[in-house]
Amino acid sequence: MSEVNIKVKNLNLEIPLLQSNRIFEKSRNFASDLIGSTKIIGDKKNDVQSKILDNLTFTINTGDVVALLGHNGSGKTSLLRLLCGIYEKTSGTLEINGSISPHLGMSSNINQDLTGYDNIKVFWLLMNKSLPLEKLISDIEEHTELGEFLHLPLKIYSSGMEARFLFSISTFIKTDILLSDEQLSAGDYFFQEKAKLLLKRFYENNKIKVFASHNMQFVKENCNKALVMKKGRGIFFDDIDEAVKFYKSQEYIVY
């Protein structure tokens, strides 16, 4: 089997903020407050671009479990969306070797009007048929412990039930690379204990996992590396303990 990896070099992402000839100078400070750490860029047409990711360079190899660390607005979710193809890079190079399972924003991955069972079937059809459907259903029944709720529409599920449902699907559908935005650290204490067992089994496949999370305990227990981000830039990429230490330091705050 070929090597699974993610290679990023001098990667930039700019997204249109305003595309008109309306007077913008008076609202520039207000817009800056709205978009937080991103940069506002005017082009020749007076269109306004927001620079979301700024000259990122890193490589993630088979066996790496990487945490994306950074304050809100640092670019973590945007990077995940770019990696899974929701956004298209503006410049730089992005090479991904391996299949991807995105777990970004629970509501975007499911149909709230369908039952749990019907959503399982949709995931099976669209993402990966690596397991027989009957086996997938049986495994999700066991690990979600949602019982009769799987016969009901997801729109009546609580946020915790929904988290359990999406987590189980994402771990049982086999892909090379898992991308997740906070969701794998959701759920109550008892589900968290079960999630640890699922993650351990998932890790044994020796692929790649990338998590964006503010939960330091979760990332220290589950990740071996971290990319620390600020203002759309990757400012530190190292062993998880060293990265967390840097992220909590005054050096990160004043960077």
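Reply: A residue is called buried under 20% relative accessible area, exposed over 50%, and partly exposed in between. The model is a predicted one. The loop to examine runs between helix H5 (133–144) and helix H6 (159–172), and phenylalanine 149 sits in it. Its relative accessible area is 37%, so phenylalanine 149 counts as partly exposed. Together with Leu152 and Ile156, Phe149 makes up a nonpolar patch on the surface, and the accessible area of the three comes to about 250 Å². In soluble globular proteins, nonpolar side chains tend to be buried together.

Glutamate 145 belongs to the loop between H5 and H6 as well. With 55% relative accessible area it lies over the 50% limit, so glutamate 145 is exposed. Its backbone also deserves a note: phi of glutamate 145 is positive, near 55 degrees, in a residue that is not glycine. Most residues other than glycine have a negative phi. Asparagine 10 is another non-glycine residue with a positive phi, near 50 degrees; asparagine 10 is placed in strand E1 (residues 5–18) and is partly exposed at 36%.

Lysine 155 pairs with aspartate 113, and their closest N and O atoms are 3.4 Å apart. Lysine 155 is in the loop between H5 and H6, while aspartate 113 is in the loop between helix H3 (106–109) and helix H4 (116–126), so the bridge ties together parts 42 residues apart in sequence. Both partners, aspartate 113 and lysine 155, are exposed.

Five salt bridges are counted. Among them is the pair of lysine 207 and aspartate 176, with 3.9 Å from N to O. Lysine 207 is in the loop between helix H7 (189–203) and E8, aspartate 176 in the loop between H6 and E7, and the two are 31 residues apart. In this pair both residues are buried. Lysine 225 and aspartate 64 form a further bridge, at 3.2 Å between the closest N and O atoms. This one ties together parts that are 161 residues apart, because lysine 225 lies in strand E9 and aspartate 64 in the loop between E3 and E4. Lysine 225 is partly exposed at 26%, whereas aspartate 64 is buried at 6%.

Helix H2 (residues 76–83) is mostly covered, with six of its eight residues buried; Leu79 is one of the buried residues.

For the whole protein chain, the tally is ten helices and ten strands. Of its 255 residues, 45% are buried. Among contacts with a separation of 6 or more, 72% join residues 24 or more positions apart.

Technical notes: Residues numbered from 1 in each chain as written. Predicted model: local features only at pLDDT ≥ 70, side-chain atom pairs only at ≥ 80, totals over all residues. Heavy atoms only, no water. Patch = residues over 30% accessible without salt bridge, like charges linked within 9 Å, V, L, I, M, F, W, Y side chains within 5 Å. Areas by Shrake-Rupley, 256 points an atom, 1.4 Å probe, with all protein chains shown as cover. Salt bridge = Lys/Arg side-chain N within 4 Å of Asp/Glu carboxyl O. Helix = DSSP H or I, 4+ residues; strand = E, 2+ residues; numbered from the N terminus. Buried < 20%, exposed > 50% of the residue type's maximum accessible area, 1.4 Å probe, protein only. Contact = heavy atoms within 4.5 Å.
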